[in-house]
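Me: I would like to go through this structure with you, one topic at a time. Please look at it first.

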Amino acid sequence: MNSKRTVQVGDIFATPLPMNRYGAVKVMNIIDRSYLLGITSYIGEQIPTIESKGIHHILITESIADGLEKPLFEWVDGKLPKELSFIGNIPLTTDEIGVESNIYAGKGSKECGIDVYYKWREETDPQGFKLEMQKKIEESDAYARRNTISKPKKMMDDQVFWGIISLLDWSKEDEEAIIEAAVKELSTFTAWKIRHFEETVSYKLFLLDTEEHAKEMGEYHFSQQEQHFSPDLFLYARCAVVALGKEVFEDVLSNPSKMIKDTEFETLLSLSSEAYNLKMGKEFEYESGCSYETFSNKEGWSNTL
């Protein structure tokens with residue numbers, strides 16, 4: 001544990017690493033409450049001592065800026081974390097005095113020496129390291145999606161939107177035939193208006209993305225005990241609600257118990273792209289401000305996520 005009250009230049013701290021290993025960092029400079037740390041090349045299963053060979057050498061890594069191999073120094077802010085263990089002081093060498101770095105690693109954390117672990121893993125198990133990094137990226141992306149505040153971009157005028165939806169022809173049996181008139185009408189709008197329509201569809205589906213609505217969708221409803229719930233089917237069920245028009249949508253939105261049962265209309269999701277293709281002759285590419293994918297509405301699933 002970091003029991004040292006006053007941190008000084010030259011202090012060496014052991015850092016915990018994954019897979020029950022340890023690294024070490026050296027304090028190279030101190031400005032106010034910021035510390036320039038040198039990441040040493042030590043990595044081992046034992047906490048290093050002041051005599052351990054690796055702590056006397058700074059880790060050499062490839063610089064992101066210019067691709068050259070250089071000693072790794074980085075700035076961290078705030079108090080050094082309690083997980084770091086003070087093991088001694090090694091005065092700076094002539095070459096280390098006055099070293100500079102433009103790498104900022106944020107607030108000091110127990111992972112401030114992680115780079116030596118990454119290099120060791122890459123050298124000893126490149127395939128395993130690649131999979132490990134891929135998993136971390138996926139977890140990071142998933143966390144970002146869960147914690148991103150969704151906000152719609154510019155949407156179509158509500159009256160115009162519902163006017164297009166009202167053109168869905170429920171006398172037809174084929175889903176493509178059902179949306180044909182709406183596609184043709186939407187294709188008469190500008191490309192930006194088609195994007196605004198897509199944004200409106202996405203936002204209305206987003207609003208219906210709640211646990212209470214999912215519990216009322218019919219046979220494959222959401223339940224904490226059952227495993228038969230399908231996020232995709234719930235999306236298609238929400239599509240059916242929007243496709244049935246303004247009155248149905250507003251009624252179901254305010255009264256989840258009135259959620260349409262065992263009914264889907266996935267084809268609603270293709271209405272914008274077909275209209276855009278008809279107008280522009282090319283593929284529709286657009287990312288809405290609010291995702292319509294199930295579980296995107298964090299507030300709607302606050303008891304589950």
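Me: Where is T210 found?
Reply: T210 sits in the loop between α5 and α6 (211-214); helices (H or I, at least four residues) and strands (E, at least two) are DSSP runs, numbered from the N terminus. This is a predicted model, in which local features need pLDDT of at least 70 and side-chain atom pairs count only at pLDDT 80 or more, while totals for chains, interfaces and linings use all residues. Residues are numbered from 1 along each chain as its sequence is written, and side-chain values use heavy atoms, with hydrogens and water left out.

Me: Is T210 buried or exposed?
Reply: T210 counts as buried because its relative accessibility is 12%. Buried means under 20% relative accessible area, exposed over 50%, and partly exposed in between (1.4 Å probe, protein chains only).

Me: Which residues does T210 touch?
Reply: Not counting residues up to four places away in sequence, T210 touches F234, N297, G300 and W301. Contact means heavy atoms within 4.5 Å.

Me: Now the largest pocket: what is its volume?
Reply: The volume is about 890 Å³. On a 1 Å grid over the protein atoms alone, a pocket is an open set of points where a 1.4 Å probe fits, with protein on both sides within 12 Å along at least five of seven lines; lining residues have an atom within 4 Å of a point. Grid points are joined across faces, edges and corners, and the volume is the space filled by probe spheres set on the points.

Me: Which residues are closest to the centre of that pocket?
Reply: Of the 33 lining residues, T61, E62, L72, I103 and D115 are the closest to the centre. The element that gives the most to the lining is α1, with five residues.

Me: Last topic, salt bridges. How many does the structure hold?
Reply: The structure holds 10 salt bridges, each a side-chain nitrogen of Lys or Arg within 4 Å of a carboxyl oxygen of Asp or Glu. In one of them R121 pairs with E132, and the closest N and O atoms are 2.7 Å apart. This pair links distant parts of the chain, with R121 in helix α1 and E132 in helix α2 (residues 126-147), 11 residues apart.

Me: Is R121 buried or exposed?
Reply: R121 counts as buried, because its relative accessibility is 8%. E132 is partly exposed, with a relative accessible area of 22%.
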